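Colleague: I am new to reading protein models. Can we go through one together, step by step?

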Amino acid sequence: MKIIQITDTHLSPMKPHFQANWKPLVDWVDAIKPDLVVHTGDLTVDGADFEEDLIHCREMLRDLRYPTLCVPGNHDIGDLPGTRQPVDGERLSRWRRIIGPDRWMHDLDEWRLVGLNSLIIGSGSSEENEQLAWLEETLRTRAGRRILVFKHKPLFVEDPEEGETGYWGLRPEPRRRLLALFAEHGVELIASGHLHRARIVESTPFRCVWGPASGFTVGPMVTMPVGEVLLGAAIHTLGSTVESRIVPLGTLKPFVIDDVLHEVYPPAPTEASAA
Ligand SMILES: [Fe+2]
Ligand SMILES: [Fe+2]
């Protein structure tokens with residue numbers, strides 16, 4: 001069983017800066033012939049504010065000739081309260097109407113794949129509480145299935161015990177809750193996007209994989225102490241163990257957001273708002 005994880009495509013009909021990387025990505029997926037594709041978010045440049053971006057991505061996703069599941073990224077539905085584009089009912093319902101559910105469960109033989117909306121985790125909203133209750137139920141009823149989790153934001157950036165990482169990772173308190181829940185149910189893989197860095201961490205009770213973006217890398221404008229700067233995708237092969245592999249794709253154009261930030265995400269935001 002082979003799952004391809006793609007992430008952070010950042011596509012838009014109005015800002016087609018990274019569009020050129022879509023076709024080579026699709027061609028590569030075709031060559032691998034996966035059983036399933038999971039997109040771990042930031043499909044769009046700005047689906048949080050522009051329905052056209054989400055509609056465009058829905059069209060693009062039809063190019064993938066394999067079953068495909070998506071979880072939302074911050075650029076698709078917004079982020080926590082207090083940010084420039086907080087997740088709200090309008091943004092959530094737009095995602096659900098155009099792309100699909102923002103959280104899901106998908107059983108594949110002995111595996112249960114769980115997709116989470118990571119942008120509401122730590123918000124204190126009723127949506128967050130409902131998702132947590134749903135997650136607990138989804139894990140509790142797994143009936144021996146092995147669990148893989150997909151979400152946009154990573155659980156942590158450097159260390160599971162770290163404090164607040166602001167834009168980049170989950171807040172410490174909900175992170176601790178999820179870590180305990182995932183450990184209790186023997187979760188084997190947490191796959192995420194968002195950081196535009198590639199990394200595999202084996203040191204926690206489960207493997208964490210940061211899938212590399214396929215849209216663009218982030219250059220010196222952001223200081224990120226860990227992770228590899230590359231464009232590509234990840235392959236998760238499910239067998240007696242889960243094998244995860246980061247795959248750099250030389251067919252993708254090496255776009256760097258720093259060069260076009262003023263056009264893609266104006267006005268020039270603070271350093272931590274382009275991923
Ligand atoms: Fe993101
Ligand atoms: Fe991103």
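Colleague: What percentage of the 275 residues in the protein is buried?

Modeller: Keep in mind that this model is predicted. A residue counts as buried if 20 or more other C-beta atoms lie within 10 Å of its own. Among the 275 residues, the buried share is 41%.

Colleague: How many helices and strands does the secondary structure have?

Modeller: Both kinds of element occur in this protein. The count is seven helices and 11 strands.

Colleague: Why is the protein described as compact as a globular protein of that length?

Modeller: The globule rule gives 19 Å for 275 residues. The radius of gyration here is close to that value, so the protein is as compact as a globular protein of that length. The C-alpha atoms fill a box of roughly 50 × 45 × 40 Å along the principal axes. The radius of gyration itself is 17 Å.

Colleague: Among contacts between residues at least 6 apart in sequence, what percentage joins residues at least 24 apart?

Modeller: Take the contacts between residues at least 6 apart in sequence. Then pick those that join residues at least 24 apart. Their share is 69%.

Colleague: Is the crossing of α2 and α4 left-handed or right-handed, and which residues make the contact?

Modeller: The crossing of α2 and α4 is right-handed. From α2 come Glu51, Leu54, Ile55 and Arg58. From α4 come Arg94, Trp95 and Ile98.

Colleague: How many residues of each class are in the contact of α2 with α4?

Modeller: Sort the contact residues by class. No polar residue takes part. The rest are four nonpolar and three charged residues.

Colleague: Is aspartate 42 buried or exposed?

Modeller: Aspartate 42 sits in the loop between β2 and α2. Its phi is positive, about 55°, although it is not a glycine. Most residues other than glycine have a negative phi. With 25 other C-beta atoms within 10 Å, aspartate 42 is buried.

Colleague: And aspartate 109: is it buried or exposed?

Modeller: Aspartate 109 lies in the loop between β4 (104–108) and β5 (111–115). Its phi is positive too, near 50°. A count of 12 or fewer C-beta atoms means exposed. Aspartate 109 has 10 others within 10 Å, so it is exposed.

Colleague: Which residues does isoleucine 32 touch, not counting those up to four places away in sequence?

Modeller: Isoleucine 32 belongs to helix α1, residues 22–32. It is partly exposed, with 13 other C-beta atoms within 10 Å. Isoleucine 4 is 28 residues away in sequence, yet 8.5 Å away in space, C-alpha to C-alpha. The residues touched are Lys2, Ile4 and Ile235.

Colleague: Which residues is valine 37 in contact with, leaving aside neighbours within four places in sequence?

Modeller: Valine 37 lies in strand β2. It is buried, with 22 other C-beta atoms within 10 Å. Its C-alpha atom is 11 Å from that of valine 71, 34 residues apart along the chain. The contacts of valine 37 are Ile4, Ile6, Val29, Leu64, Tyr66 and Thr68.

Note on methods: Residues numbered from 1 in each chain as written. Chains lettered and ligands numbered in written order. Predicted model: local features only at pLDDT ≥ 70, side-chain atom pairs only at ≥ 80, totals over all residues. Left-handed = near helix turned anticlockwise from the far one by under 90°. Helix = DSSP H or I, 4+ residues; strand = E, 2+ residues; numbered from the N terminus. Contact = placed C-beta atoms within 7 Å. Nonpolar A, V, L, I, M, F, W, Y, C, P; charged D, E, K, R; others polar. Rg over C-alpha atoms; globule rule 2.2 N^0.38 Å.
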